[in-house]
Amino acid sequence: MPLKENFQELIQHGKAEFPIQYYVNSLHIPGNSVPLHWHPNLEFFVVHHGTVKIQAANSEITLYAGQGIFMNTNCLHSYTSSGEAPCWCPNVVFQPEFIAPVNSVINSRYIMPITLNSRLPYVVLDDSAPWKLEILDCLDRVFSMLQSYGEIGSYGEVPMLQFSNPPGSPECFEIRVQCEINRAWELLFMHHTEIELAPAVKNEHVLQIRMQKMIGFIQEHYAEDVSLQDIANAASISRSEASRCFQSYLHTSPVSYLLKHRVERSMQMLRDSNMTVEAVALECGFSSSAYFCKLFRTHTGMTPKQYRSDRE
């Protein structure tokens, strides 16, 4: 996933004439993830199969098959598979303008009250309310149509999934997609005052800037001998403040995040190269291949060799 230094995703979703894109996040192996990122678009994400842990703003959420989530604009988020089963997660990313033009009364009355609400970074969609189930049904129809008739996105071909609703005729499917998205948004707007708001975070923008600097440092220097002090120095703060920031935002420690990132990078190398396990361990900043193998198994449930053979 191409990202700016501040973790903004660089992919354009959909086209100007139809600004919505369908994807399937295929998290085949436990521990696989879509990295921390944000975009100025809206996103609906549903777990079709498996279990997914989601980092959304400074919250951690676990979703199971049949559940979904709405991600508001500019919400920093990531997805990680959980459990033993592969995860298949259809989602759509679209501009707010897909619902209505910027200068329209629809935008000012019904879109902006949600997109400009910093205390509503996401909404979990499950069976806790009938309107949430109706949104999930709308999304099922959207996924079904876009899987059958939509264009392939920048990340390439996606797995074919079985949805509850048939796609119908290709004629006018774009209109039907927009109708379903608008209905989902209508339900979201009609009930958004019922949703518990995220607590206001003092100096949240300062916290996010610090996190972006420290995570950026980790992603650039993960292969080196990195200490907690090095991570803290990247944001010009103390080690204790660095730890507090990570616990507040990601519910983990800076060192744990560093190790997790090293494992994720090693997974990519095991997939895409013929390097030995020992070479991959060294390339990812591990001084001991034995420790690397132990940590890899903790994160993925398998050894590096098993992971490589499973991908072949």
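Buried means under 20% relative accessible area, exposed means over 50%, and partly exposed lies in between (1.4 Å probe, protein chains only). Welcome to these exercises on a predicted model, where local features need pLDDT of at least 70, side-chain atom pairs count only at pLDDT 80 or more, and totals for chains, interfaces and linings use all residues. Residues are numbered from 1 along each chain as its sequence is written, and side-chain values use heavy atoms, with hydrogens and water left out.

**Exercise 1. Find the salt bridge of E241 and R244 in its helix, and classify both residues.**

Step 1: A salt bridge is a side-chain nitrogen of Lys or Arg within 4 Å of a carboxyl oxygen of Asp or Glu. For E241 and R244 the N to O distance is 2.8 Å.

Step 2: Both residues lie in helix α6 (residues 239-250), three residues apart, about one turn of the helix. Helices here are DSSP runs (H or I, at least four residues) and strands likewise (E, at least two), numbered from the N terminus.

Step 3: R244 has a relative accessible area of 43%, so R244 is partly exposed. E241, at 18%, counts as buried.

**Exercise 2. Work out which parts of the chain the salt bridge between R141 and E180 ties together.**

Step 1: The closest N and O atoms of R141 and E180 are 2.9 Å apart.

Step 2: R141 belongs to helix α2 (residues 130-149) and E180 to helix α3 (residues 173-191), so this pair joins parts that are 39 residues apart in sequence.

Step 3: R141 is partly exposed at 24% relative accessible area, while E180 counts as buried at 16%.

Step 4: To place this pair in context, the structure holds eight salt bridges, and E134, R183 and E186 are linked in a network of them.

**Exercise 3. Decide whether the faces of strand β9 are covered or open.**

Step 1: In β9 (residues 122-125), Y122 and V124 on one side are buried, and so are V123 and L125 on the other. Both faces are covered.

Step 2: β9 pairs with β6 (residues 68-71) in the antiparallel sense over four bridges, with L125 the bridge partner of G68.

Technical notes. Two strands pair if DSSP finds at least two bridges between them.
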